[in-house]
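Hi everyone, thanks for making time for this.

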Amino acid sequence: MPSFASHIVVAKMVSKKLRLKDSLSYYRGTIYPDLIDEKNHYKKTEGNIRIAVPAHYLESQKMFSFFELGYYIHLLLDEIYLREYILGQNVHPENMFLDNSIYEDYTLLHQKLCQDFYISEDFLYKVLNMDREVVEEKNRKHYEYIRIKESKAMFHHLDYELYLNFLKDAADKIVQIILLNIVNENIVFTRKKYMTLKPRILLQLKQNKLFNSYYLWKNRLVKILDYKGYSVIEQMDIFKYPVERDLIEVTKNKHVNSETLKVVSLILEGTDGVGKSTVGAHLLKHGILCQDRSEDIICKYMLFDVEEKIRLLGIQQYLFLHSDLKMVFLVLDDKKELERRISSRKKISQYDLQTYQYNCLYEKTYQQLEYLPNLYRVDCKKKKVEEIVKEIMEIVI
C-alpha cells in the first residue's frame, strides 16, 4: 500500500483541487484505514494480492463528513496504487510486500515528501492524535516514521520522480471520481449551507448544469432546491465558497428545509445600497422568503434610457397580471448615506455610482403608481433594519 506520507500528500492535492476547507478530521480519515484491523479495510483477493474496493465503502456509508471523505480517498489511492503503479509496471508486489523491502523505501520517501510538500512534524503529530480506536502497533510505526531524521539510504523499488508524477495523476483521478459520486448522490455530506439567490445568479447557474439538479458555480458544486417557486441553493459545507454579496445564507434559519417556511409573493425593490439583501436576510429570520429584485420586469424598465410612459405601463401591467404579488419599494432619501454604503463595496458598478439618482427614480415612479393596490413604499431613512422589517411584515401578513 502507499506510504503514510503518500496518503497525506494526495489528500493535500485533492483538497487544493476541490478547494476544501481545512480540517484535521479529513487528514485523520485519510490515514485511518492503515491504523485499524485489516478486515475493516474493504479489500478483496485478486490472485496473490489483497486490493482495496472503494465501492464497498461507498455502499456502507449513508452520510459523509470530512473524516469519511478522507477515508474514501485513502481507499481510492490504495486501489490506484496497486493497479496502476505496481501491477502497471509488471512488478511482483507479493515479493516486495512479503519481505518488507518496500518499507525501506517508504522511510526515505516519507522524508522527501514531507520536505517537498512542507508537511511539518507538528502537523503529523496532530493528525495521528485521534480519538478513535486504533491498532497500537500500527500507530506506533507511523510515529516512528515521523521521528526518523535524515537518511542516506537509496531507493530500491521506487523512482522518486516517477512516483511524484503518479501521485499527481492519482489525485486528478480521485477528484473526478469524487465529483461524479457527488452529482450521482452516492456521496451525501452531513453539513450543508442554504442560500437564497437573486435571479441573475440563478441564470448564471443554469448555464452550467451538470446532473441531478447539480450546477457548477465558480468551480464549486451547488444544488438548486425549489421552495414553492422560489430558488434556494444548497452548498456542501466542506468547500471554500467565494464570498458573494448577492447570496443570503439561511443555514441557521429553522424555517429552511421545513414545511413552516412561509413563502410570500413579495418582491423587494430599490436602488443599490438601500438594504434589500439585509432586509431580506432579516425577513428570513421570521420564516419569510421573498425575492430580492425583479430582474425580468423592474430592471427592464427602471432605467434612465427607458421612456417614462413605457416604464409606468410595463410595471402597471406586471402588477395587474400578478395581483397576488406585493412589491415593496425601499427608498432612502439620504445621498451621503447611500454613497457611504456604496463606497464600502469591493466592486462598484456604473449603477452603484448613480445610486442616489436611481433612488429618486424609484420615488418618482411610486408617486405615479401609488394607486396600485399591490405596490408599497417603505422609507428607510434613519431607521434600523428591525423597524423596516416590521413595516414589511405588516404589509405581507
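Let me start with a question: which residue forms a salt bridge with Glu363? It's Arg377, and the closest N and O atoms of the two are 2.6 Å apart. Before I go on, please keep in mind that this is a predicted model.

Back to that pair. It links distant parts of the chain, with Glu363 in helix α16 and Arg377 in strand β12, which covers residues 375–379. The two partners sit 14 residues apart. Are they buried or exposed? Glu363 comes out at 15% relative accessibility, so it counts as buried. Arg377 has a relative accessible area of 32%, so that one is partly exposed.

If you search the whole structure, you get 11 salt bridges.

Let me pick out another of them. Lys223 forms a salt bridge with Glu185, and here the closest N and O atoms are 2.6 Å apart. Again, distant parts of the chain are linked: Lys223 is in strand β6, residues 220–227, while Glu185 is in the loop between α9 and β3, and the two are 38 residues apart. Lys223 has a relative accessible area of 17%, so we call it buried. Glu185, at 34% relative accessibility, counts as partly exposed.

The side chains of Lys126 and Asp122 meet in a salt bridge, 3.5 Å from N to O. What separates these two? They're 4 residues apart in helix α7, residues 121–128, so about one helical turn lies between them. Lys126 is partly exposed, at 43% relative accessible area, and Asp122 is partly exposed too, at 46%.

Okay, on to the aromatic rings. How many aromatic pairs are there? The count comes to 20. Take Tyr81 and Tyr163: their ring centres are 6.4 Å apart and their planes are at 85°, so this pair is edge-to-face. Tyr81 belongs to helix α4, residues 66–86, and Tyr163 to helix α9, residues 160–183, so the pair links distant parts of the chain, 82 residues apart. Both Tyr81 and Tyr163 are buried.

Compare that with Phe304 and Tyr358, an aromatic pair that is tilted, with 4.5 Å centre to centre and 35° between the planes. Phe304 sits in the loop between α12 and α13, and Tyr358 is in helix α16, residues 355–369. They are 54 residues apart, so to speak another link between distant parts of the chain. Phe304 is partly exposed, with a relative accessible area of 43%, whereas Tyr358 is buried at 9% relative accessibility. You'll recall that helix α16 also holds Glu363, from our opening pair.

Ring pairs link Tyr32, Tyr42, Tyr57, Phe64, Phe67, Tyr71, Tyr72 and Phe189. And here's a spot where a charge and a ring come together: the charged end of Lys112 sits over the ring of Tyr160, 4.7 Å from its centre.

Next, a hairpin. Who faces whom? Thr45 stands opposite Arg50, and Glu46 has Ile49 as its bridge partner. The hairpin has 2 residues between the strands, and Gly47 takes a positive phi near 65°.

Last stop, the surface. Which residues make the nonpolar surface patch of about 260 Å²? Those are Leu210, Phe211 and Leu216. Leu210 lies in strand β4, residues 209–211, and at 45% relative accessibility it counts as partly exposed.

That's my tour, so let's open it up for discussion.

Key
Residues are numbered from 1 along each chain as its sequence is written. This is a predicted model: local features need pLDDT of at least 70, side-chain atom pairs count only at pLDDT 80 or more; totals for chains, interfaces and linings use all residues. Side-chain values use heavy atoms; hydrogens and water are left out. Two strands pair if DSSP finds at least two bridges between them. Patches are made of residues with over 30% relative accessible area and no salt bridge: like charges are joined within 9 Å, nonpolar side chains (Val, Leu, Ile, Met, Phe, Trp, Tyr) within 5 Å. Accessible areas come from the Shrake-Rupley method with a 1.4 Å probe; for residues, only the protein chains shown count as cover. A salt bridge is a side-chain nitrogen of Lys or Arg within 4 Å of a carboxyl oxygen of Asp or Glu. Buried means under 20% relative accessible area, exposed over 50%, partly exposed in between (1.4 Å probe, protein chains only). Rings of Phe, Tyr and Trp (its six-membered ring) pair if their centres lie within 6.5 Å; planes under 30 degrees apart count as stacked, over 60 as edge-to-face and the rest as tilted. A charge sits over a ring if NZ of Lys or CZ of Arg is within 6 Å of the ring centre and within 35 degrees of the ring normal.
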